[in-house]
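Work through the exercises below with the structure open. Each task is followed by a stepwise solution.

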Amino acid sequence: MEIATCDEELKEQRIPNGWEENIHPEGLPLYSIVINSRNRRIRVHTDLALRRSENHSVISRALDMFSKLAHECNELHDPDFEDSDIEACLVVSEKFPDEFGYYLANHRTQTIFWLEDIEPNGIAMLRLNDAVDADILQLKLEVLYWRHVTDFPCHCSLSSEVWEKLSPMILVGAVDQEYCDDSTAPKDAATLARLETFWRKAKKKRDVDITRPTCNWICGRLWYDFVSARVVNYWGTEYARLERTTKIGDDPKPSQTAAPRWIEWLCLLFLWNEPAVTMKLLDDAWPGRVVYQKPWRKMMDTFSNEWEKIFVLSAIIFAGAMAFLAVPVQNSTGNTPGSDPTMVTSFAFLCGILCCVFSIGSLIAAVNLKRDFGGKITEDVYEAKAYLESLQGGVMGYLKRGICLSFPRVLFQWAVISFCAGLVILAFQLHDQQTQFFWAEVAVTLALAVGIVAVRSLAPDRIQPESIFRVRRNVKATKDTMTLVGRRATTMFSDLSRRGRKPTLAAIEMGLQLDVQTPKTPTPLISLP
């Protein structure tokens, strides 16, 4: 007991007089003080490390400046407000001790405000890039309010109405997730069901002093997620969507954004038009500039699987290119020792080196994209929306993203082309005396190239898994049909052989026709006259 008492005394000596220290549910020390401004008592919060003596003068100077602003603001002393309705927060940085920021939180209206007139675009934490609807601005202020409750939950008092509104919001989000692939709920149905259980437990203990900070923190986190989802979905405005495919107002698709013509031609010639395919995928994942959780994650999972496969294939083709480079070395000088390599051999060397360069570039691009898009930007739709909004403007616009995500695939295709070209040149070098072998290999290479082009033209959604599954289903159905036909023919041949009769073409055709039409029903053997 004596040790604990000494520790409390030392703690009180480390922080300035009048300040109270509280511990956030996640462990961070927080500090607050109650100041008098005319007839108003306002609790002021800060997360500045006040245990450090060098910060005492910093917080004292900031508190004096805020007290002066509060004393001069007449609206703050409205008699309709109670002291528990208003809280303030001082934002002070140790790196810039002469500067400070502040805001006030209104628990009655769930919003934040300032004591002076300010421009919304000048507030960095609002993230306002353009002029927005007044309702969206109000929603963003509400998001900041719930962020304040989450950051400083120790002394705020939330009404029963705030707690009761959470239950239908959670249930609506869970049902919406179950029925809609483009749900605007912030979590999946299973997570929302668990959160509803946590909400019920916190609701029962919210009035107990020892658990009030934790319960306030839980309530603030839930409200923060739902109100943030409302901002993303333009909730309460004419731009809100009940369905992802609904088109409201002027809504240009990312693939329709204008880009310089010469850049589009370069992408067509050197990037195989892959950025255009990526932009069309973005049209489905980001309609109306609203990021929906399931379509966005589905698209990013598709790219992630593609990058993993390209990583493996690029490693294989790199090993093949290294082996390919060793072959011309043995024949680079022909039969004459000390002679220079021929022009054909030099081209073969060049193709091998280019194949190595492109395959390594594909490896590096796949690894970097897997790392950059494998974190929060894939799981969090708010981070994804902020990232996509950052691409607006400039000369290329969203085309930058299409080029970036297409690099692994484009470089891999160039690596394959370089490898095939090297093989053709090497075949010419090795069979310069027997040209028939060379032309046979050229024909095989051209057939493969035609097949690749045909696949690309017949399957424009080639990186979508649905096209792959559709081909697999067709192949499986054809294989099952051929298996039934073969089994039926074998049965007829064996049965007729046991009877000592020779099968005729008409009997075989009749048996095969019956099997193909009714494969699941056993058909009795037709005896021949």
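**Exercise 1: a salt bridge between loops**

Asp85 has a relative accessible area of 10%, which makes it buried. The model is a predicted one.

Solution. 
- Step 1. Arg108 has a relative accessible area of 42% and is partly exposed. Asp85, in contrast, is buried.

**Exercise 2: the strands around β5**

Task: Determine which strands pair with β5, and in which direction they run.

Solution. 
- Step 1. Take strand β4 (residues 86-92). Seven bridges join β4 to β5, and the two run antiparallel. Cys89 stands opposite Tyr103 in β5.
- Step 2. Take strand β6 (residues 111-113). Three bridges join β5 to β6, again antiparallel. Ala105 stands opposite Ile112 in β6.
- Step 3. Look at the turn. β5 and β6 form a hairpin with four residues between them. Gln110 in this turn has a positive phi of about 50°.
- Step 4. Five of the seven residues of β5 (residues 100-106) are buried, so the strand is largely enclosed by the rest of the structure.

**Exercise 3: salt bridges within helices**

Task: Compare the spacing and exposure of the pairs Asp151 and Arg147, and Glu196 and Arg200.

Solution. 
- Step 1. Asp151 and Arg147 form a salt bridge, with closest N and O atoms 3.2 Å apart. Glu196 and Arg200 meet at 2.7 Å, N to O.
- Step 2. Asp151 and Arg147 are four residues apart in helix α3 (residues 134-151), so about one helical turn separates them. Glu196 and Arg200 are likewise four residues apart, in helix α5 (residues 189-204).
- Step 3. An α-helix has 3.6 residues a turn, so residues three or four places apart point the same way.
- Step 4. Asp151 is partly exposed at 27% relative accessibility. Arg147 is partly exposed at 42%. Glu196 is buried at 11%, whereas Arg200 is partly exposed at 45%.

**Exercise 4: the buried side of α12**

Task: Which residues of helix α12 are buried, and how are they arranged around the axis?

Solution. 
- Step 1. In α12 (residues 381-390), the buried residues are Val381, Ala384, Lys385 and Leu388.
- Step 2. They cover an arc of only 100° around the axis, so they lie on the same side of α12.

Conventions: Residues are numbered from 1 along each chain as its sequence is written. This is a predicted model: local features need pLDDT of at least 70, side-chain atom pairs count only at pLDDT 80 or more; totals for chains, interfaces and linings use all residues. Side-chain values use heavy atoms; hydrogens and water are left out. Buried means under 20% relative accessible area, exposed over 50%, partly exposed in between (1.4 Å probe, protein chains only). The arc is that of the directions from the helix axis to the C-beta atoms. Two strands pair if DSSP finds at least two bridges between them. A salt bridge is a side-chain nitrogen of Lys or Arg within 4 Å of a carboxyl oxygen of Asp or Glu.
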